[in-house]
Amino acid sequence: MSRLVVISNRVALPKQTQTGGLASAMNAALQEMGGLWFGWSGNLAAQTGTELHEVEDGHISYATIDLSKADHDDYYSGFANRALWPLFHYRGDLVDYRRDHLEGYLRVNRIFAERVAKLLRKDDIVWVHDYHLIPLAAMLRELGVENRIGFFLHTPLPAAGLLITLPRHQEILEPLASYDLVGLHTQRDLRALEDYFLHELGAAMRTGGRIRAANGRIFRAGVFPISIDTAEAVELAHRAEDAGAVAKLKASIDDRALIIGVDRLDYSKGLPERFEGFARLLRDHKELRGRVSLLQIAPPSRSDVPEYRSLRRELERSAGHINGQYAEPDWVPIRYVNKSFGHKVLAGYFRTAKVGLVTPLRDGMNLVAKEYVACQDPQDPGVLVLSRFAGAAQELDAALLVNPSDLDEVSEALKRALEMPLKERRMRWQSMMDVLERNDITAWRNAFLHALSEPPRVKPEIYVPTPAVMP
């Protein structure tokens, strides 16, 4: 039986708190197949990759390396999160491209390739994750690695017209041809990838979703929408109903309706627009004042990036302004919380809320939308208000879909959600729950690995990049 090798920027080590469904999915796959998880340790050292840290836990080996501060700043904080992240979320105006950041990104990817190549066995199946490691397969091929290698992009992929605004974009994106399978969340993302390769790189489409790159290498691209552990979310929500933190929240809202948003503090999540959309609801529907509150949980992230510090200040001002305008001595419209909560507590909060408000400007999938649905009481479910620009909207089309930039549309959807009859709420919830039970995190993982494990149609070749024009 083939061994699975997972490569990602960070590694969910055993006995560490797992922060998301991906960590659970990868650990489950590794337990089933046996394998290795390789990535950055999260620690800084004098030099990158001089020491390999290894941990064994049952059938799984974990191998991590440290990064130097310079490499961390160039590769992670720099190119990955100040160039690729905003570009992939359609924020070309926020792209901060620097040549030294790109060189650091390529340098760290090469170190990853050199270190992990020594750990690979002939029959290993390799699964690389996310935008931090796009060129990794090409570098592994250059080192003679012929294993099956798959890649999954957890962010959106914008249209080719935006991708080509990135200096030296070919040097970053053309190496995707070195993977055997590239997985994306939605058909929109897949069209963007095909359009880029066909019209910018001179590739040709083949049957079965295969793409023949200009260098002759054939790879496949497909849609694999990531999901959650649906059964676990249902169980957590059921057990959390009487948890202390959840009981306190219920007592504090009394008989008022609760709208909940849970997002990492990021400009892609549309939080300023969300606050203004909620304020529009209070402005236009005076009868709802004192009867509904928005709980927005937004743990800080990437506080070393100026745009994130600016966003936090903007949200604090906005929440303060809205609360100052509408609050009463016994009621606060917006409860804005900048800290994280455990999965059990969040599941209880989701079950308590009458409306889940998930309105990113762009999102690869947004698992919070799926978690909110899974955590509902089947007898009295809440309503999901969802941005049509989240990948989840392609599956959860029974949600109330909105354009997050249209404040009136958000306000109207919130009012409709708050007043929706029980019969309609149950019908919409059941439609979405059917999707989540059919396509959970295990189904996603198995679908991708099954597609990746299919026998290769062509022998892997060494990737030869197209000469780039230096900016």
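This is a predicted model: local features need pLDDT of at least 70, side-chain atom pairs count only at pLDDT 80 or more; totals for chains, interfaces and linings use all residues.
**Stop 1: helix α9**

Select residues 244-253, which form helix α9. Which residues of α9 are buried? Val246, Leu249 and Ile253 are. They span an arc of only 60° around the axis, so they sit on the same side of α9. Now turn to the face directed away from that buried side. Lys248 and Ala251 are there, both exposed.

Next, show what covers the buried residues of α9. The cover includes two helices, α8 (230-240) and α12 (343-352). It also includes the strands β11 (257-262), β12 (292-297) and β13 (334-337).

Step just past the end of α9. Asp254 is there, with a positive phi of about 60°. Most residues other than glycine have a negative phi.

**Stop 2: α9 against α12**

How do the axes of α9 and α12 cross? They come within 9 Å, at roughly 30°. That angle is under 35 degrees, so α9 counts as roughly parallel to α12. The crossing of α9 past α12 is right-handed.

Show side chains on both helices. From α9, the contact uses Ala245, Val246, Leu249, Lys250 and Ile253. From α12, Val345, Gly348, Tyr349 and Thr352 take part. By class, the contact of α9 with α12 holds six nonpolar residues, two polar and one charged. Val246, Leu249 and Ile253 are also the buried residues of α9.

**Stop 3: Leu294 in β12**

Select Leu294. It belongs to strand β12, part of the cover over the buried residues of α9. Is Leu294 buried or exposed? Its relative accessibility is 0%, so Leu294 counts as buried.

Ile259, Ile260 and Gly261 are among them.

**Stop 4: α13 and α15**

Select residues 367-374, helix α13, together with residues 422-438, helix α15. Their axes come within 10 Å and cross at roughly 115°. α13 passes α15 in a left-handed crossing.

Which residues meet here? α13 brings Lys370, Val373 and Ala374. α15 brings Trp429, Met432, Met433 and Leu436. The contact of α13 with α15 divides into six nonpolar residues, no polar and one charged.

Asn366 is not a glycine, yet its phi is positive, about 80°. At 8% relative accessibility, Asn366 counts as buried.

**Stop 5**

Select Asp130, in the loop between β5 (125-129) and α4 (136-142). Asp130 also has a positive phi, about 80°, without being a glycine. Its relative accessibility is 13%, so Asp130 counts as buried.

What does Thr155 touch beyond its neighbours within four places in sequence? Asp130 is one of its contacts, and Tyr131 is another. Trp85, Phe88 and His89 are also in contact with Thr155. His185 and Gly364 complete the list.

Thr155 lies in the loop between β6 (148-152) and α5 (160-163). Thr155 is buried, with a relative accessible area of 5%. Draw a line from Thr155 to Tyr76, 79 residues away along the chain. The C-alpha atoms of this pair are separated by 15 Å.

**Stop 6: Gly104 in α3**

Finish with Gly104, which lies in helix α3 (residues 99-117). Gly104 is buried, with a relative accessible area of 0%. Not counting residues up to four places away in sequence, Gly104 touches Asp74 and Tyr75.

Last, zoom out from Gly104 to Arg426. They are 322 residues apart in sequence. C-alpha to C-alpha, Gly104 and Arg426 are 51 Å apart in space.

Note on methods. Residues are numbered from 1 along each chain as its sequence is written. Side-chain values use heavy atoms; hydrogens and water are left out. Buried means under 20% relative accessible area, exposed over 50%, partly exposed in between (1.4 Å probe, protein chains only). Helices (H or I, at least four residues) and strands (E, at least two) are DSSP runs, numbered from the N terminus. The arc is that of the directions from the helix axis to the C-beta atoms. Contact means heavy atoms within 4.5 Å. Axes are lines fitted to C-alpha atoms, for helices over the stretch in contact, and angles run from 0 to 180 degrees between N-to-C directions. Angles under 35 degrees count as roughly parallel, over 145 as roughly antiparallel, 65 to 115 as roughly perpendicular and the rest as oblique. A crossing is left-handed if the near helix is turned anticlockwise from the far one by less than a right angle, and right-handed if clockwise. Ala, Val, Leu, Ile, Met, Phe, Trp, Tyr, Cys and Pro count as nonpolar, Asp, Glu, Lys and Arg as charged, and the others, Gly among them, as polar.
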